[in-house]
Amino acid sequence: MKRVFSGVQPTGNIHIGNYLGALKQFVELQEDHDCIYCIVDMHSITMPQDPKELKQHILDVAALYLSIGIDPKRSIVFVQSDVPGHAELSWILTCNAYTGELSRMTQFKQKSKDKESAPAGLFCYPVLMAADILLYDTDVVPVGNDQKQHIELTRDLAVRMNGKYGNMFVVPDGRFLKSGARVMALDDPTSKMSKSAPNAFSRISLLDTPEKIKKSIMKATTDSEGEVRFDIENKPGVSNLLNIYSAFSGRDVEDIAAQYAGSGYGAFKKDLVEITVDAVTPIQQKYEEIRQSQELLDILKDGAERAGAISEKTVKRVKDMIGFGAC
Ligand code: TYM
């Protein structure tokens, strides 16, 4: 079976962009892949985090993983900082990555914009992500479109290391969905939906109430044309809503647009509210059951042990190949 690895940062407000771009794939892939899903707390401290909140957000994401249908019997679920191999491999890869390629990463450029100086961790963030992936001999990485450049860097690093040292790493492929890969902000369809945007109505969080979901969708930016049509360039707001509708329903955007021909945006938005609420309600019910349970902690402990055993082998192999250590 092919190996799958992916991760989500525990920074709160996990939204439908995260779900439709990445998390939904995590569940589907369990059927016929050997899956490892991580809560990447080490990535989250590239930006300031409150320690108490961080701890809670780690458990929030873990509970959400299980609530959307990740089965800990089939997949490994664990927290990145519980497995030391991530930091170890990250350093080795850092010494083989170039400042030129890292400074071309668009996420770094965006996050460090207008700052005289940025944390070095923010700069090296994609190398840690490459370490996460390469540590498990991963074949497939399900992610949203915003991670494309990081996956390319991971592949470049794997190929570079293989060229230098022999057969060290599996070269992984990214996996991107057609309709959920880039969910845009509801108040500004030219920027992606994000956990940290100040306007809470710009996103729909997986734990939002039906009222909040309704308000966010009914307020969502569209245009004055009144025609439900998929046209990203000229109608980015409506196209984004069509994409969300399509990703939740599994229907084609053209088919959905045809259903609302001539009926304006009201009915379309109303139905999208219903589809979204129906999708998140069972997730929220499961989340309530599991979030405070001891079972959640047991699953993470077991996951760290299983991930640790796999990663130790890779770290040993890599250290041997580069000539590290005395014993
Ligand atoms: P993060 O935590 O920002 O996001 C988690 C996943 O959600 C996807 N995503 C989106 N998809 C569609 N539309 C959006 N608006 C949207 N916003 C976010 C992301 O692409 C991601 O798949 N660097 C990663 C975490 C990471 C990782 C890894 C992923 C660390 N190590 C190894 C895969 C493999 C990140 O910050 O994701």
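**Close-ups of the ligand site**

**View 1. Who makes up the shell around the ligand.** Sorted by class, the shell around the ligand comes out as twelve nonpolar, eleven polar and five charged residues. Keep in mind that this is a predicted model. In total, 28 residues surround the ligand. Tyr125, Asp132, Asp146, Val183 and Lys195 are the closest of them.

View 2. Start with the side chain of Asp146, where an N or O atom is 2.4 Å from a ligand oxygen. Over at Val183, the backbone takes part: one of its N or O atoms lies 2.7 Å from a nitrogen atom of the ligand. Met193 also uses its backbone, with a polar atom 3.1 Å from a ligand nitrogen. As for cover, the ligand on its own exposes 710 Å², and the protein buries 97% of that.

View 3. Elements giving two or more residues to its shell are β1 (3-8), α1 (16-29) and α7 (120-134). Zoom out to the domains: the ligand lies between domain 1 (3-180 + 295-322) and domain 2 (184-287), because both give residues to the shell around it.

Conventions. Residues are numbered from 1 along each chain as its sequence is written. This is a predicted model: local features need pLDDT of at least 70, side-chain atom pairs count only at pLDDT 80 or more; totals for chains, interfaces and linings use all residues. Side-chain values use heavy atoms; hydrogens and water are left out. A residue is near a molecule or strand if one of its heavy atoms lies within 4 Å of it. A polar contact is a pair of N or O atoms within 3.5 Å; within protein, one must be able to donate a hydrogen and the other to accept it, and residues adjacent in sequence count only if both atoms are side-chain atoms. Accessible areas come from the Shrake-Rupley method with a 1.4 Å probe; for residues, only the protein chains shown count as cover. Helices (H or I, at least four residues) and strands (E, at least two) are DSSP runs, numbered from the N terminus. Ala, Val, Leu, Ile, Met, Phe, Trp, Tyr, Cys and Pro count as nonpolar, Asp, Glu, Lys and Arg as charged, and the others, Gly among them, as polar. Domain bounds come from an automatic or database domain assignment.
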